[in-house]
Amino acid sequence: MRGLAPIILTVAILCGCSSGPDWKRRAFAFTLPADPPASNTQTNIVALSRVSISPRFQARSFTYRTAENAYVQDPYAGFLTPPERALAEPIRAWMRASGVFGRVVEPGSGLAPSLVAKVSVNELYGDFRQASRLVGTMEIRFVCYEVKDGDSGRIVLDKVCAHETPLTRKTPDALMAAWDADLREIMKEINSEYAKANPNDR
């Protein structure tokens, strides 16, 4: 009988009998805002050239902070695409939805930008250090500068924004919903700061 135990376990795994909902790899993506109505008054051509992620959070797997200097990665929950790409699309969409930057173009559009944005994501994790305070944490540095004749020009915005959203449950779904809320609030702040710093710039 002892010799049969490993065989039975192997057959169970291959047949999927030992797997349940929590043992299946799940992939998540950020929610995109609706595009605003087309406008012919916008003159700026805006490109999001890069989204870089802190090395601590570059893996597709969701990262959970369990102690002051301790992080673990979830082998069963992660982003559908690498986090740089997972964040670039919604950030570009939020910039476009705000209407304050100008015409935000997609990569490879062929249009020469007059404004370029670079984003650095410094924090992106589920904070599980306190059982009574589970939050999704995100911190972004947003730098936007002018481009003239192909050369970098004046920096028109350099802003660091952080946000934490409480989790409704201790699940990957709830963490993704919290990150969605984090990104929405951060982009609202960035859009507002840009509009205040450049009131005549569209």
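Visitor: What share of the 202 residues in the protein chain is buried?
Guide: Buried residues make up 41% of the chain. Buried means under 20% relative accessible area, exposed over 50%, and partly exposed in between, with a 1.4 Å probe and protein chains only. This is a predicted model, where local features need pLDDT of at least 70 and side-chain atom pairs pLDDT 80 or more, while totals for chains, interfaces and linings use all residues. Numbering starts from 1 along each chain as its sequence is written, and side-chain values use heavy atoms, without hydrogens or water.

Visitor: What makes up the largest nonpolar core?
Guide: It has 46 residues, and Leu87 and Ile91 have the most contacts inside it. Such a core is a set of buried Ala, Val, Leu, Ile, Met, Phe, Trp, Tyr and Cys residues joined through side-chain atoms within 4.5 Å. The elements that each supply at least two residues include α2 (83-98), β6 (115-130) and α3 (172-197). α3 gives the most, with 10 residues.

Visitor: Which residues does Leu87 contact, leaving aside neighbours within four places in sequence?
Guide: Phe30, Val51, Ile53, Val121, Leu124, Met138 and Leu183.

Visitor: Why is α2 called oblique to α3?
Guide: Their axes come within 10 Å and cross at roughly 45°. Under 35 degrees would be roughly parallel, over 145 roughly antiparallel, and 65 to 115 roughly perpendicular; the rest is oblique. So α2 is oblique to α3. The crossing is right-handed, a term for a near helix turned clockwise from the far one by less than a right angle, with anticlockwise being left-handed.

Visitor: Which residues meet there, in α2 and in α3?
Guide: Leu87, Pro90, Ile91, Trp94, Met95 and Ser98 of α2 meet Leu183, Arg184, Met187 and Asn191 of α3. Seven are nonpolar, two polar and one charged.

Key:
Helix = DSSP H or I, 4+ residues; strand = E, 2+ residues; numbered from the N terminus. Contact = heavy atoms within 4.5 Å. Axes fitted to C-alpha atoms, helices over the stretch in contact; angles between N-to-C directions. Nonpolar A, V, L, I, M, F, W, Y, C, P; charged D, E, K, R; others polar.
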